Amino acid sequence: MSKGKKRIVIVGGGFAGLAAAKRLRRYHSRFEITLLDKRQTSDFLPLVPDVISGKVGESRTRYSLTSFASENGCDFVCTKAEDIDAARQVVKTHTGAFPYDYLVLACGTQTTFFNREEISSKAYVLDSTADAVKLREEAAKGDFRTAVVVGGGYTGVETATHLRRLFKRQKENKRIVIVELGSQILSQVPAGFRAYTLANLKNMSIEVKTQTTVQDMEGGTVMLTDGTTIEEAVLVWEPGVAAPKLADTLGVEQGAQRRVKVDPYLQASQRCFVAGDSALPMDETNVPLRLSVQFALQEGACAADNIVRREEQRPLRALRPLDLGYVIPMANNRSAGKALGIPVYGVAATSLHYFMCMLRAQGSETRWGVFRDLCSHR
Ligand SMILES: Cc1cc2nc3c(=O)[nH]c(=O)nc-3n(C[C@H](O)[C@H](O)[C@H](O)COP(=O)(O)OP(=O)(O)OC[C@H]3O[C@@H](n4cnc5c(N)ncnc54)[C@H](O)[C@@H]3O)c2cc1C
């Protein structure tokens, strides 16, 4: 360790982790920053569904963390953090231990099987670019007649529409069914958006079954809880996410989706800040912030600022989340969403989604690459 420098370990090179590292860039004389990620690349998750249909190339959604580290003056180690020893201030990985003065835990969330591990080996998930490529390759083989997408949230809906786009390009008339355990899809959005989305899904010949989930899968046959079976099927599992097991090892209180409870300054403890999807900060009405890129970016920056403030013995700043809105992206460009409180539909909503993606992409090369892909695959 460089003499006198405090060690900051950032676990997770996603939106929150990279926002924290960027914010700390100008404090190199005071901090030694080490970024840990289990992958070599930072995956741009909002464009991962587009990789399924080829609307965006897979190289656009992966950004080298080695490049990021060299551009931002931090160290990058590709390793999976297995355990956090908060008492000794050490992150343990299979390749070694990383002691810290401050920890930023930004390990996101991942697909949860709700203790139904028997399904995990049979289903496709969408946690990374590699997952989207796997699903696309399975679809290219074409050994199935129906895609069953479990979960009628944002990602389930978006995935189903990209599968339709892919099948259309392959000139295949495969069936797509979204199954949702709740009484409606997209339960968290206003009724108008839900109705618009349902109409668009119908238009794209995507069926929706509510109050239903998967009982089991044997061979290529999916058994649903409403008693029906679907033969020659592939299963795409997207009913929910949870913070990875690593978050449990912090030994502090966790809430919904195993996200770590934090105070308004994003502290889980004096030396540990949690940012992004793995944190559970509240908005001004005491409702948990939804999982989204904009909040992950804001939290990463806030956690970094508070490390600097703590070192300078200044009061910490509370997170003041700014909600710009959201979009339910659909692959036929008929999306729906809200920008600054104003509802937007159709191509306008799609353009807004991709504009935000380009704005947040790492590096101008990736940004232009996404733009070119979108222009050539409208
Ligand atoms: C398919 C999909 C589409 C989405 N679309 C949108 C969208 O359109 N708009 C939007 O706002 N949000 C969208 N989201 C949600 C958004 O991507 C997340 O809110 C955002 O990525 C959260 O950022 P994060 O930094 O907390 O986590 P992530 O971006 O998930 O980054 C976490 C990082 O931690 C690493 N990591 C995890 N565990 C470990 C470990 N044990 N050791 C080392 N490294 C580890 C991971 O490899 C990853 O790089 C989407 C999510 C998915 C899955």
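Modeller: What follows is a set of questions and answers on this structure, which is a predicted model.

Colleague: Into which domains is the chain divided, and how many Å separate their centres?
Modeller: One part is domain 1 (6-38 + 79-109 + 243-323), and the other is domain 2 (111-241 + 326-376). Their centres are taken over C-alpha atoms, and the separation is 30 Å.

Colleague: Of the 35 residues around the ligand, which come nearest? And which elements give two or more residues to the shell?
Modeller: The residues that come nearest are Gly-12, Gly-14, Leu-45, Gly-108 and Gly-276. Two or more residues of the shell come from each of these elements: helix H1 (15-23), strand S2 (31-37), helix H2 (48-53) and helix H8 (293-311).

Colleague: How many residues of the shell around the ligand are nonpolar?
Modeller: The shell also holds six charged residues and eleven polar ones. The number of nonpolar residues is 18.

Colleague: How many of the nine residues of H1 are buried, and what covers them?
Modeller: The cover includes strand S1 (6-11), S2, strand S3 (41-43), helix H3 (65-72), strand S9 (102-105) and H8. The buried residues are Phe-15, Ala-16, Gly-17, Leu-18, Ala-19, Ala-20 and Ala-21. H1 is thus mostly covered, and the count of buried residues is seven.

Colleague: Is Pro-49 buried or exposed?
Modeller: Pro-49 is in helix H2. Leaving aside neighbours within four places in sequence, its contacts are Leu-126, Ala-132, Thr-155, Glu-158, Thr-159 and His-162. The C-alpha atom of Leu-163, 114 residues apart along the chain, is separated from that of Pro-49 by 8.9 Å. The cut-off is 20 or more other C-beta atoms within 10 Å, and because Pro-49 has 29, Pro-49 is buried.

Colleague: How many Å does helix H9 reach from its first C-alpha to its last?
Modeller: H9 covers residues 346-360, which makes 15 residues. At 1.5 Å a residue the expected value is 21 Å, and the model comes close to this, at 22 Å.

Colleague: Which elements do the buried residues of H9 pack against?
Modeller: The buried residues of H9 are Ala-349, Thr-350, Leu-352, His-353, Tyr-354 and Cys-357. They pack against strand S23 (325-328), strand S24 (335-339), strand S25 (342-345) and helix H10 (364-376).

Colleague: Which residue in the turn between S14 and S15 has a positive phi?
Modeller: Strand S14 (residues 214-218) and strand S15 (residues 221-224) pair in the antiparallel sense over four bridges. Glu-218 stands opposite Thr-221. Two residues lie between the strands of this hairpin, and the one with a positive phi, about 60°, is Gly-219.

Colleague: In S12, which residue is the bridge partner of Ala-147?
Modeller: Strand S12 (residues 175-180) is mostly covered, with five of its six residues buried. Strand S11 (residues 146-150) pairs with S12 in the parallel sense over five bridges. The partner of Ala-147 is Ile-176.

Note on methods. Residues are numbered from 1 along each chain as its sequence is written. This is a predicted model: local features need pLDDT of at least 70, side-chain atom pairs count only at pLDDT 80 or more; totals for chains, interfaces and linings use all residues. A residue is near a molecule or strand if its C-beta atom, placed from the backbone, lies within 6 Å of it. Ala, Val, Leu, Ile, Met, Phe, Trp, Tyr, Cys and Pro count as nonpolar, Asp, Glu, Lys and Arg as charged, and the others, Gly among them, as polar. A residue is buried if 20 or more other C-beta atoms lie within 10 Å of its own, exposed if 12 or fewer, and partly exposed in between; C-beta atoms are placed from the backbone. Two residues are in contact if their C-beta atoms, placed from the backbone, lie within 7 Å. Domain bounds come from an automatic or database domain assignment. The expected span of a helix is 1.5 Å times one less than its number of residues. Two strands pair if DSSP finds at least two bridges between them.
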